[in-house]
Amino acid sequence: EHIANQIAAGEVVERPASVVKELVENAIDAGSTRIEVSIEEGGLQSIKVKDNGFGIEPEDCETAFYRHATSKIESGRDLFQITSLGFRGEALPSIAAVAKVSLLTASSDDGKGKLLEIEGGKLMVNEPAPSGRGTEMTVRELFYNTPARLKYMKSIQTELGHISDAMYRMALAHPQISFTLRHNGNQLLQTLGGGDLLQVIAAVYGTSAAKAMLPVEAEDPDYRISGYISRPEWTRANRNAITTIVGGRYIRSGGLNAAIMRAYHTLLPINRYPLLVLKLDMHPSLVDVNVHPAKLEVRFSKENELYQFVEQELRKVLLGENL
Ligand code: ADP
Ligand code: MG
């Protein structure tokens, strides 16, 4: 069981940014409206994620760290019906196997919470502790017991870059949630919540970028897309500034990216990229998010239809600007 967790950890926990992503996704699944992430030394020293979600029931705290104990999947069919971000019950056991984790949580407002401490998969502390409603998960000394993995970590700046990127994408995917990111005490991101995507774009890319955005809003019988694309004259985006969101999750799809770039490049030189945040809504049966454990990649069942629709609608928005 312990070895299984360490092996699974290799897939789920590639680097500090993977921990941040898994913990924040859990906070989102818990219905939080405010999520604060504080990291030290690129996340290698510590990662703390505090939320105001529904918390974990006292009797469920320990089992949350057992492999698959909490998997929300009941049958193979459910893979196509996933609405929450977590669904494999693998993240917490994997993280706890390769770090020192503490969990402080309460599921009611009576101040009666629980504190758990787990080191390298071993439960050290499990006791009542005062806590406001919500969850605070702290992960210290990631990979302290897997030196081979630790050796692969890059510089603090590189790890921080991956963490910020993950945080930006999650904030863009969830404008209704207020996100804070601090590194060594310095605030790097603050979104307000309340659902204003342009405010999140301003927080992530700056106010001048937010001013350069055109709204995208379209639907056909199968798909609905909404978001913002930068005006053709905005030249400051790089190839990383495309964020596509499906089911509340930042996803990567080569086919979708190609469609976006076809729309953009019918009008603009090929060395230029748009700043784009695009949310795609569709019936869960039209998308399979279980292609990869990191859940970044998806498979669309009517992919060519989707790509054509996105290309055509983006082109309309860009052309509407009378190039
Ligand atoms: P998954 O998200 O796939 O269910 P995880 O290992 O990420 O598995 O989390 C295990 C379980 O712990 C979750 O299903 C959830 O019940 C609980 N949990 C974890 N983090 C939180 C949180 N921040 N707030 C409430 N419950 C949480
Ligand atoms: Mg999870």
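In strand 13, isoleucine 242 has leucine 276 as its bridge partner. The model behind this pairing is predicted.

Q: How do you know that strand 11 and strand 13 pair, and in which sense?
A: Two strands count as paired at two bridges or more. Strand 11 (residues 242-246) and strand 13 have five bridges, and the sense is parallel. Valine 246, for one, stands opposite leucine 280 in strand 13.

Q: What makes strand 10 a partner of strand 13?
A: Seven bridges link strand 10 (residues 223-230) to strand 13, in the antiparallel sense. The cut-off is at least two, so the pair qualifies. Isoleucine 225 faces leucine 280 of strand 13.

Q: What makes strand 13 mostly covered?
A: A residue is buried when 20 or more other C-beta atoms lie within 10 Å of its own. In strand 13 (residues 276-282), five of the seven residues are buried.

Q: How do you know that strand 9 belongs beside strand 10?
A: Strand 9 (residues 213-219) is joined to strand 10 by seven bridges, and the two run antiparallel. Methionine 213 has serine 230 as its bridge partner in strand 10. A hairpin of three residues connects the two strands.

Q: Why are strand 9 and strand 12 called edge strands?
A: The open sheet has five strands in the order 9-10-13-11-12, with mixed pairing. Strand 9 and strand 12 (249-251) each have a single partner strand, so one side of each lacks a neighbour in the sheet. From one strand to the next, the twist averages 20°.

Q: Which helices lie on this sheet?
A: Helix 5 (residues 156-173) packs on the sheet and touches strand 11, strand 12 and strand 13. Its direction makes about 120° with that of strand 12. Helix 6 (residues 197-205) lies across strand 9, strand 10 and strand 13, at about 40° to strand 10.

Q: How do you know that the span of helix 8 agrees with its residue count?
A: Helix 8 (residues 254-265) has twelve residues, which should span 16 Å at 1.5 Å a residue. The end C-alpha atoms are 16 Å apart, so the two agree.

Q: What makes strand 5 and strand 8 the edges of the eight-strand sheet?
A: That open sheet has the order 5-4-3-6-2-1-7-8, and its pairing is mixed. Strand 5 (122-130) and strand 8 (186-190) each pair on one side only. The twist averages 10° from one strand to the next.

Q: How do you know that strand 3 and strand 4 pair?
A: Six bridges join strand 3 (residues 100-106) to strand 4 (residues 112-119), in the antiparallel sense. At least two are needed. Leucine 104 stands opposite leucine 115 in strand 4.

Q: Why is proline 58 called partly exposed?
A: Proline 58 has 16 C-beta neighbours inside 10 Å. Buried needs 20 or more and exposed needs 12 or fewer, so proline 58 counts as partly exposed. Proline 58 lies in the loop between strand 2 and helix 3 (91-97).

Key. Residues numbered from 1 in each chain as written. Chains lettered and ligands numbered in written order. Predicted model: local features only at pLDDT ≥ 70, side-chain atom pairs only at ≥ 80, totals over all residues. Helix = DSSP H or I, 4+ residues; strand = E, 2+ residues; numbered from the N terminus. Expected span 1.5 Å × (residues − 1). Axes fitted to C-alpha atoms, helices over the stretch in contact; angles between N-to-C directions. Contact = placed C-beta atoms within 7 Å.
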